[in-house]
Structures are given as structure tokens and as C-alpha cells.
Amino acid sequence: MSDPYRLIPYGMAHFEAIRRENKLYVDKTRFIRNLEKYKYTFLIRPRRFGKSCWISLLESYYDRSKTEQFETIFGGLDIGEKPTEERNRFVVMRIDFSVIHDALDTLQSNFEAYTTTILDDMCQRYPDCFPGSVVDSILSQANISAKLNRLFLHTQLHQIPLYIFIDEYDNFANTVLSRHGQDAYHSFTHADGFYRNFFATLKGGTTGGGLERLFITGVSPITLDDVTSGFNIGKNISLLAEFNELLGFTETEVHKILKYYQEVGVFDLDIGTCLGVMREWYNGYRFAEEATADLYNTDMVLYYLTECIPNQSAPRELIDNNIRIDYGKLRHLFLVNQQLNGNFDQLKSLIGEEEVTTEIQQSFPLAELTQPENFLSLLYYFGLLSIRGYFQGTPQLAIPNQTVKRLMYGYLRDAYKEVEVFPINLFTFTQLVRKMAFEGAWKPAFEFLAQAIETQTRIRDYLNGEKVVQGFLAAYLNVTDFFLFHSEYEFQKGYVDLYLEPFLAKHTDLPFGYLIELKYIKRGDALSETTLSHEVEQATAQLQGYLQDERLQQLTSVIFIGLVIVFHGWEMVWCEDVKVH
């Protein structure tokens with residue numbers, strides 16, 4: 001290592017500290033100009049995409065108390081070269097609702113105490129705007145809504161420009177929903193609930209003139225719809241093409257980052273190889289229907305770099321634990337009275353198809369989450385689906401990358417296990433998949449699944465269609481990371497149902513890969529020898545063509561095996577390999 005280099009700000013969300021400590025920063029400040037077109041804004045992005053850092057950036061940019069520090073913080077950045085007239089003009093207050101604990105008996109008191117502390121801190125930072133008597137008057141009010149009303153009256157009367165930032169507005173609400181259920185959630189988001197009253201007060205501030213600007217971030221529009229009866233206090237910029245690249249990294253930006261660390265001598269891996277891995281695992285997010293650029297998840301890229309630098313090997317575990325959306329936080333979407341609901345049917349179908357055509361709903365309440373378009377939109381906002389294009393004038397959404405695909409496979413397995421539909425011994429099955437990957441012993445793994453389906457009869461009701469069965473197989477074969485899973489992968493001008501690509505970037509000595517052609521005969525249709533032979537012959541011919549693909553031939557260290565699998569309803573009636581002529 002020769003010269004000092006910019007350290008990676010993995011896990012950091014304090015923009016000013018990133019700049020003062022000369023950490024890596026990909027300049028996104030140009031978006032401030034477009035953002036100023038809207039006074040009251042709402043931005044939804046998935047977890048770990050940099051929302052908190054962006055709010056920290058805005059806080060530093062607009063804070064009137066940091067005028068003298070502007071060059072230190074923003075010098076050399078796009079907005080530093082051409083700042084707007086609004087820079088350093090505001091009294092700013094930042095509220096982070098991720099710090100609210102979800103214990104129901106203290107939820108409201110914790111909310112009141114935290115927001116009051118934030119309000120008091122803001123007043124203390126601007127004594128020229130809020131003399132002691134004014135502060136006393138504000139803080140003496142009975143609750144946070146009354147305190148904010150008094151604040152807004154003061155800022156309006158004295159023409160004090162006030163900018164409020166709310167980070168992770170739905171964090172504690174989502175936690176309450178997942179842990180305590182809908183009744184607990186409704187108690188503070190509906191009727192005269194304290195959170196609903198809080199947002200009603202903010203709305204009053206925007207219409208009365210005491211609150212000049214408002215910026216809110218979250219991971220879904222549900223809570224805001226519930227507490228405001230639709231987001232009617234500002235502009236939802238989440239689906240606007242002009243803000244598609246606001247958070248996340250473009251491929252060009254990722255390439256520049258890798259190139260920088262290579263040039264300073266702390267990254268000695270092949271850039272093309274690493275970019276290929278990250279493209280497969282971290283890329284694929286698009287946040288506007290008119291946008292053309294796909295984005296990499298910010299956290300995932302920084303995690304990868306942290307593991308590689310200085311001059312280390314690529315991480316063995318490609319999925320950062322911080323990026324995982326725990327099944328427990330989503331289970332309420334799939335389960336009602338320990339029964340899998342219609343949303344689970346959507347998930348099951350999606351895992352098989354890997355894409356779906358639907359309009360993206362900008363706003364919907366929790367009560368309407370069972371409507372398919374709302375549930376699929378929620379998966380989109382969570383980052384589990386992303387825009388891929390259009391089909392017949394309607395957005396086409398798809399699973400963005402291998403990381404998300406593996407998370408969704410896990411949700412399927414966890415849901416089946418929780419309701420005791422298919423509680424198999426995953427440890428035993430994992431060993432069989434290992435033998436499949438390293439020894440070419442594929443048959444025991446499929447026989448294990450076939451026998452488990454035969455003995456655990458409740459799973460049969462869920463195996464109702466070729467794509468569903470295909471998703472089911474992928475979800476369980478995915479218990480290891482030996483393979484990259486591809487559905488409907490193109491070979492020789494055709495599309496194989498499942499391509500289990502050996503993950504050679506991690507397992508360099510992995511000797512086997514698989515192409516699986518799946519045929520499905522409805523359970524109600526008679527299974528004759530003629531019908532079965534026809535399906536097998538058709539699948540065999542397809543695989544023999546696919547296995548001749550030049551890309552497979554070039555991987556000389558790998559033996560690719562074609563498998564024909566036929567299901568008659570839930571029953572596996574054929575599972576054999578294909579000989580290449």
C-alpha cells in the first residue's frame with residue numbers, strides 16, 4: 001500500500017463525518033436541485049439503500065448554523081460548486097423513528113419523550129430564534145402535537161424557515177405490526193391514535209405556513225396511507241424517473257470505485273470478475289417506470305468492498321446479514337390464524353415465475369393489503385421485486401438478483417415449516433445437495449423430496465401447476481450456495497426450466513452443474529404410459545439441444561447433467577438424466 005486512501009464508510013450514515021474523515025463518497029448532491037421543486041416530499045426505498053445518509057446530507061446542507069462549515073462539508077462536490085439559494089437557510093429538526101421501542105405499554109410515552117427531546121434540542125441549537133420564554137411555552141404543552149402547534153405558530157409569526165426531516169417514519173409501526181398484530185397497529189394509526197394525530201399536526205404546519213419544508217423516508221407507503229388517509233401532505237417522489245439514481249450505485253459508479261481502490265494499491269482482485277459477481281448478487285433495482293438504469297444496493301457493495309480491502313479475497317458469504325429482511329417481519333403478510341393466505345399464493349407463484357405484470361400502487365392502507373396489486377407493490381417497495389420493463393402497457397416486475405431470490409426461497413421454506421405443511425430435515429437434505437454438487441449424485445436429493453411429498457400430504461394442495469412445482473424445487477435445492485439459480489434461461493434458442501449454474505466464483509472446484517426440464521401433468525388427467533413417454537421424449541430432446549450450448553462447452557472443468565422430471569400433480573413420476581448424443 002503506497003498512499004493513504006479513502007476508507008469505506010460501511011455502516012456510517014452521518015454525512016458530515018464521512019466528509020470530514022475523507023471516507024469514500026459517491027456524489028449524489030446534484031439531486032438536491034430537483035428535490036427543491038417540491039416543498040413536502042416522501043421517498044420510499046428498500047432497507048440499506050442509504051436513506052439515513054441522504055437525510056443527514058440534507059440536514060447539513062440546509063442547516064443555517066453550518067454556514068461557515070459549508071466548504072468543509074460540500075467542497076469539491078457537485079452542489080458545492082453550484083449551490084442553490086436555499087443552502088444554510090433553515091432551522092432544521094431531524095426525527096429518527098427507528099429509535100422508538102415497540103413495547104406496547106410504553107409506546108406512546110416513549111414516542112412523546114423522544115419527540116419532545118428532539119424538539120427541545122432544536123430550540124437549544126437556535127437560541128436567536130427561540131428565546132427561553134418561547135422554549136418554555138412550547139415545551140409546557142400537554143403532548144407533542146400541541147408542542148408542534150405552538151412551534152408552528154412561532155415560526156410562522158416570526159418568519160423562521162423550518163425544515164423537518166423524518167427518517168424511517170414506519171420503522172416502529174412495522175415492528176409493532178409484525179410482533180403484536182393489527183389491533184395494536186390500529187390503536188395508534190387510526191381514529192384518535194397518537195401517530196395519526198402527529199401527522200395531522202404536520203399537515204397543519206404545511207398548510208398554516210409554520211413548516212416550510214418536510215422530507216420523509218420509509219420502506220413502504222402503508223403506514224403513511226393509514227395515518228393520513230392517503231399521502232395528501234406533499235409529493236411522493238418514489239416513482240419519479242428524475243430520482244431513480246438518487247440512492248444506490250450505477251454500474252459505472254461501482255466500476256469507478258473498484259478502479260480507485262485498485263489504483264491506490266489496496267484492491268488486487270480482477271475488476272471484471274468482481275463486477276460480474278456483484279452484478280449477479282447486488283444489481284437489478286430500478287425505481288421508476290421510465291428509468292433505464294439499474295442500480296446496485298449501496299450496503300451490499302460497501303459490504304463486499306469492506307471484506308476485500310486491503311487486498312483480501314472476496315467474501316465467502318455474499319449476503320450481508322444486515323440486508324436480510326427477517327421472515328418474522330413478513331409473516332403477518334402470509335399468515336392468518338396459522339393458515340397461509342392469498343398473499344402466500346402470490347409469493348408461491350412469483351417464486352416459480354420470477355416475474356409478474358402489475359401496476360405499482362403509490363398508496364394503499366393495511367386493510368387492503370390482500371389485494372394482489374397492493375401486495376405485489378409492497379414487495380416492490382421492499383426491494384424484493386424491481387421494474388424490468390412493460391408488457392401490454394403494464395409494468396413488468398421481476399426478482400432483481402440472486403440475493404433477493406435466496407431470501408424469497410427462504411420465506412417459502414419458513415412459511416411451509418411454520419404451518420407444518422412441509423417440515424423436512426433440512427440438515428439431511430443439505431448434505432444430499434452437497435453430494436449433488438460435488439459428486440454428481442443427484443438422484444438421492446430428488447428421491448428425498450419425492451418421499452417427503454408422499455408422506456407429508458398437506459404439501460400436495462400447494463403443488464398445483466408447473467411453475468409452482470418449479471419454484472418449490474428451486475426453493476429447496478437452494479438451501480446451499482453451490483449453485484446460481486436461473487429460471488427460463490436461454491440456451492440454443494430455447495429456454496430451460498431451471499439452470500443450476502455452478503457458483504465458480506466462490507467454489508472454484510465445483511465440478512457439476514444441472515439443466516432441469518420439468519413437465520407437469522394435471523392430477524385430474526389420466527397418466528398413461530403414452531402420455532408419460534411423450535413428455536419424457538419432448539423434454540429429452542430439449543435438453544440434448546440445450547447441453548450443446550457453446551457457453552457450457554467452454555466451462556471445461558464442469559460436467560453439466562440434464563435432468564428430466566415429470567410431476568403428475570404433486571407426485572414425481574419420472575426423474576432421470578439425459579445422455580448427450
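**Helices H17 and H22.** I looked up how helix H17 (residues 342-353) and helix H22 (residues 466-477) meet in this predicted model, and I noted that their axes come within 7 Å and cross at roughly 80 degrees. Since angles from 65 to 115 degrees count as roughly perpendicular, H17 and H22 are therefore roughly perpendicular to each other. I then listed the residues that make the contact, which are Lys348, Ile351, Gly352 and Glu353 on the H17 side, with Lys467, Val468, Gln470 and Gly471 on the H22 side.

**Strand E10 and its partners.** E10 pairs with strand E8 (residues 355-357) in the antiparallel sense over 3 bridges, and Glu355 has Ala398 of E10 as its bridge partner. Strand E9 (residues 386-391) also runs antiparallel to E10, joined to it by 5 bridges, and here I saw Gly389 opposite Gln396 of E10. The hairpin of E9 and E10 has 2 residues between the strands, and in it Gln392 takes a positive phi near 55 degrees.

**Nonpolar cores.** I finally checked the largest nonpolar core, which has 194 residues and in which Phe130, Tyr195, Phe198, Tyr416 and Phe422 have the most contacts. Helix H19 (residues 402-418) gives the most to this core, with 8 residues. I also noted a second, separate core of 17 residues, including Ile521, Val536, Leu552 and Val564. Leaving aside residues up to four places away in sequence, I recorded that Tyr195 touches Phe97, Phe111, Tyr169, Phe172, Phe188, Thr223 and Val227.

How values were computed
Residues are numbered from 1 along each chain as its sequence is written. This is a predicted model: local features need pLDDT of at least 70, side-chain atom pairs count only at pLDDT 80 or more; totals for chains, interfaces and linings use all residues. Side-chain values use heavy atoms; hydrogens and water are left out. A nonpolar core is a set of buried Ala, Val, Leu, Ile, Met, Phe, Trp, Tyr and Cys residues joined through side-chain atoms within 4.5 Å. Buried means under 20% relative accessible area, exposed over 50%, partly exposed in between (1.4 Å probe, protein chains only). Helices (H or I, at least four residues) and strands (E, at least two) are DSSP runs, numbered from the N terminus. Contact means heavy atoms within 4.5 Å. Axes are lines fitted to C-alpha atoms, for helices over the stretch in contact, and angles run from 0 to 180 degrees between N-to-C directions. Angles under 35 degrees count as roughly parallel, over 145 as roughly antiparallel, 65 to 115 as roughly perpendicular and the rest as oblique. Two strands pair if DSSP finds at least two bridges between them.
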